Each structure stands twice: as C-alpha cells, then as structure tokens.
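The following exercises are meant for a reader who is meeting this structure for the first time. Each task is followed by a solution that goes step by step.

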Amino acid sequence: KGVKLYSLSYTYTQSTGGGETPDPTPDPEPGETYKLITSTSELEAGTKYVIGNASSSSAVFMSNATNTNNRKETESITITDSQISATDEVLVLELGGTTGAWTFWTTNYTSTNGYLTSAASGSNNHCKVTTPAVACSYFTISFTDGAAVITSTGRNERNLLRYNSGSNCFACYTSGQQPVYLYKLVDAGAA
C-alpha cells in the first residue's frame, strides 16, 4: 500500500479592532506621501494615517518621539495640493477597528508601539500610547469643515483629540484648542 502525502497551507489575518496586538509593521519610509481626507468614506482599516494641525500651507504633525502623556509636534511640514511628504519623525498610525470603534496603532513610535489612548479618568488631558487596547483606545471619527473630529468612546469628558498650540502638543480635551486634520497614505500605484 502506498503512502499519500498531503500539503496544507493557509493564510492568517489578524484584526486590530478587537484589542489584539497587530503584527509588527516596518518603519515607514521617509517621504511617504499622505493626502488630506475630509470624509468618513476615506477611512479604511489596515491603512496608514498621520494627524496634523492644519489643512493648507504648512502644518505640524504628531511626532513619534517618546513622551509619557501627550504626543509632541514635529517641525513644520509644507502642504502642497492637500498632500505632505512625511519625515521620519512623523508618527504613522495604522487604522484598525470599524465605524464607531476605530483604533490607531503606532507603527514607528520611538518606544514600544501601541494604541493611542485618552486618559481614563480625572482631569488629565492625556493622549498616551498603550498596549493592549483599553476602552479609551477606541474612537469615533467624523469631519466638520474639513477637520477630523476624533473622539474617544471610553469616557465622557477630555475625550476630543485636539492640537494645543500653547503646549505644542496633541492631547485630548473637553473642548477648545485647535482642530486636527487626518491624512491618509497615498497608494503608490495610484500616485
């Protein structure tokens, strides 16, 4: 009697929406192009995004530099035709989850990668990087006048991601401060 040999192969895809830690992502290439988005139809899980403080002329962006409580800013980057060429100091975020429960996974944080997370309680206006994902790591995203309205679903106050020009940082607030803008990685094949 002959021996039969079988071969089995499979593909495993890991979701980033349920609090799992995604597979490591290589650091982004400096000079990757990101385009301003202004509609929820442009949100796509598994795609890279960056967050800045303006939509025209020039802007500062979330920095990948390690900081305990808030995300510091980069040097100013020129915006041309609603696009930027990211420097290696721009924090690149991979969008996970789904509508009403989006996550932002850092792909090039200078410390351990994790999820953007607002403070869970108290008077803190933090925007930290944590792992695993917790209730304050999930966000709703909408748009008003071109600006992204990114709101943590894990708490009722100090949950709105904004830019603070006085402290030169991105953090979560109840109100006030300046709006943020979301830029999506341009598909190299579409450029």
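**Exercise 1.** Does K184 count as buried or exposed, and what is its relative accessibility?

*Solution.* The model is a predicted one. Step one is to take the value for K184, which is 18% relative accessibility. Step two is to compare this value with the cut-off: buried means under 20% relative accessible area. K184 therefore counts as buried.

**Exercise 2.** Identify the salt bridges and place each partner in the chain.

*Solution.* Begin with the general idea. Side chains of opposite charge can pair when their charged atoms come close. The count in this model comes to two salt bridges.

- Step one: K184 forms a salt bridge with E44, and the closest N and O atoms are 3.2 Å apart. This pair links distant parts of the chain, with E44 in the loop between β1 and β2 and K184 in strand β15, 140 residues apart. E44 counts as partly exposed, at 41% relative accessibility.
- Step two: E32 and K48 meet through their side chains in a salt bridge of 3.8 Å, N to O. E32 lies in the segment before β1 and K48 in strand β2, so the pair ties together parts that are 16 residues apart in sequence. Both E32 and K48 are buried.

**Exercise 3.** Which residues stand opposite K35 in β6 and in β15?

*Solution.* Consider the strand pairings in turn. Strand β1 (residues 33–36) pairs with strand β6 (residues 83–85) in the antiparallel sense over three bridges. The residue opposite K35 in β6 is Q83. β1 also runs antiparallel to β15, joined by three bridges. In β15, K184 is the bridge partner of K35.

**Exercise 4.** Describe the aromatic pair formed by F61 and Y183.

*Solution.* A search of the whole structure finds four aromatic pairs. For F61 and Y183, the ring centres are 5.2 Å apart and the planes stand at 70°, so the pair is edge-to-face. F61 sits in the loop between β3 and β4, and Y183 in strand β15 (residues 181–185), 122 residues apart. F61 is buried, with a relative accessible area of 0%. Y183 is likewise buried, at 0%. F61 is also among the contacts of T74, together with V60, M62, S63, E89 and V90, once neighbours within four places in sequence are left aside. T74 itself is in the loop between β4 and β5 (77–78) and is buried, with a relative accessible area of 3%.

**Exercise 5.** Where is N70 placed, and what does its side chain reach?

*Solution.* N70 is in the loop between β3 (58–59) and β4 (71–72). N70 counts as buried, at 13% relative accessibility. Its C-alpha atom is separated by 5.3 Å from that of H126, 56 residues apart along the chain. The residues N70 touches, not counting those up to four places away in sequence, are N125, H126, C127, C169, F170 and A171. Finally, the side chain of N70 reaches the backbone nitrogen of C127 at 3.3 Å.

How values were computed:
Residues numbered from 1 in each chain as written. Predicted model: local features only at pLDDT ≥ 70, side-chain atom pairs only at ≥ 80, totals over all residues. Heavy atoms only, no water. Helix = DSSP H or I, 4+ residues; strand = E, 2+ residues; numbered from the N terminus. Buried < 20%, exposed > 50% of the residue type's maximum accessible area, 1.4 Å probe, protein only. Contact = heavy atoms within 4.5 Å. Polar contact = N/O pair within 3.5 Å; in protein donor to acceptor, adjacent residues only side chain to side chain. Phe/Tyr/Trp six-rings, centres within 6.5 Å; stacked < 30°, edge-to-face > 60°. Pairing = 2+ DSSP bridges. Salt bridge = Lys/Arg side-chain N within 4 Å of Asp/Glu carboxyl O.
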